[in-house]
Amino acid sequence: MKYTVLSLFPEIIDTFFTASIMAKAISRGIVSYRSINIRDYAFDKHKTCDDAPYGGGAGMLMMPEPLSQALAAAGAKEADKRVIYLSPSGRLLTQDLAKDLSREQELILICGRYEGIDQRVIDIYVDDEVSIGDYVLSSGETAALALIDATYRLLDGVISHESLDEESFSGGLLEYPQYTRPEIYDNIQGQMRVPEILLSGHHENIRRWRLKKRVEKTFANRPDLLRNGIKKGLFDEETRKIIDELSGITEEL
Ligand code: SAM
């Protein structure tokens with residue numbers, strides 16, 4: 001998978017590719033990356049990339065020409081590339097969308113600044129507008145990093161399949177609570193023990209306990225996911241039974 005990031009501040013993005021799991025993915029040839037500084041395609045001596053919006057209104061907009069020149073240099077119209085504009089007006093980045101995007105050969109990501117970009121660039125070049133959540137950031141770089149992080153970790157060879165199988169959102173549920181050593185943790189509230197069942201060594205009981213905890217946590221924090229899972233028939237019989245057993249859950253949903 002190749003990531004091409006178009007930005008007015010590529011240095012914000014660049015460091016992400018030099019550390020930790022991402023650096024390993026690059027050294028193994030699973031991921032490659034290039035950043036393009038949109039300002040390099042500005043055509044006046046001040047390297048201007050923004051101007052006031054037609055029709056009035058607050059703030060400035062990114063001008064179409066430098067951005068479209070940068071997109072042309074990135075080969076944005078080539079068939080194996082998917083162009084994404086990070087935008088609060090885009091469709092929401094979910095785990096399903098991250099999976100879909102992780103199957104692409106190359107993602108070209110446009111990071112907006114100011115009040116965003118000229119609509120004509122979206123009309124010509126952009127395949128998807130993607131939002132990372134219902135809030136407004138000051139720039140697209142942090143959103144691009146969230147999208148890159150959510151997608152590259154799904155590529156074969158980056159992290160183990162086992163880690164991905166039971167984490168949040170897999171099978172329509174959030175993850176179960178996790179514990180590590182020490183078994184008894186002395187803290188400001190006194191002593192806290194690891195749940196007994198996790199020390200039992202009984203794999204089947206542990207699996208069932210974790211599934212129950214996943215359902216409880218999803219109900220508490222994201223009942224919309226449970227509703228959605230029921231509607232789409234995502235849950236197997238065992239999960240449905242747990243949902244039904246948890247008193248009143250289905251009615252409350
Ligand atoms: N005027 C825009 C609006 O009201 O929708 C907000 C522009 S925002 C201040 C500047 C840039 O930040 C956007 O062009 C976009 O690239 C990025 N951005 C802000 N919030 C975002 C979000 N929730 N998801 C993805 N990108 C976001």
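This is a predicted model: local features need pLDDT of at least 70, side-chain atom pairs count only at pLDDT 80 or more; totals for chains, interfaces and linings use all residues.
**View 1. Val83 stands opposite Ile108, a residue of strand E6.** Strand E5 (residues 81–92) and E6 run parallel, joined by 6 bridges. The path from E5 to E6 passes through helix H4 (residues 95–102), and together these elements form a right-handed β-α-β unit.

**View 2. On its other pairing, E6 meets strand E1 (residues 2–7), again in parallel, through 5 bridges.** Look for Lys2, which stands opposite Glu106 of E6. Further along, Val5 has Leu109 in E6 as its bridge partner.

**View 3. Strand E6 (residues 106–111) is mostly covered, with 6 of its 6 residues buried.** In a regular strand, side chains alternate between the two faces of the sheet.

**View 4. Stepping back, we find an open sheet of 5 strands in the order E2-E1-E6-E5-E7, with parallel pairing.** At the edges are strand E2 (32–37) and strand E7 (128–131), each pairing on one side only. From one strand to the next, the twist averages 30 degrees.

**View 5. Two helices accompany the sheet in this view.** H4 lies across E5, E6 and E7, and runs at about 165 degrees to E5. Helix H6 (residues 140–152) packs on the sheet, where H6 touches E1, E5, E6 and E7. The direction of H6 makes about 160 degrees with that of E6.

Terms used:
Residues are numbered from 1 along each chain as its sequence is written. Side-chain values use heavy atoms; hydrogens and water are left out. Buried means under 20% relative accessible area, exposed over 50%, partly exposed in between (1.4 Å probe, protein chains only). Helices (H or I, at least four residues) and strands (E, at least two) are DSSP runs, numbered from the N terminus. Two strands pair if DSSP finds at least two bridges between them. A crossover is right-handed if, with the strands pointing away from the viewer, the path from the first strand over the helix to the second runs clockwise. Axes are lines fitted to C-alpha atoms, for helices over the stretch in contact, and angles run from 0 to 180 degrees between N-to-C directions. Contact means heavy atoms within 4.5 Å.
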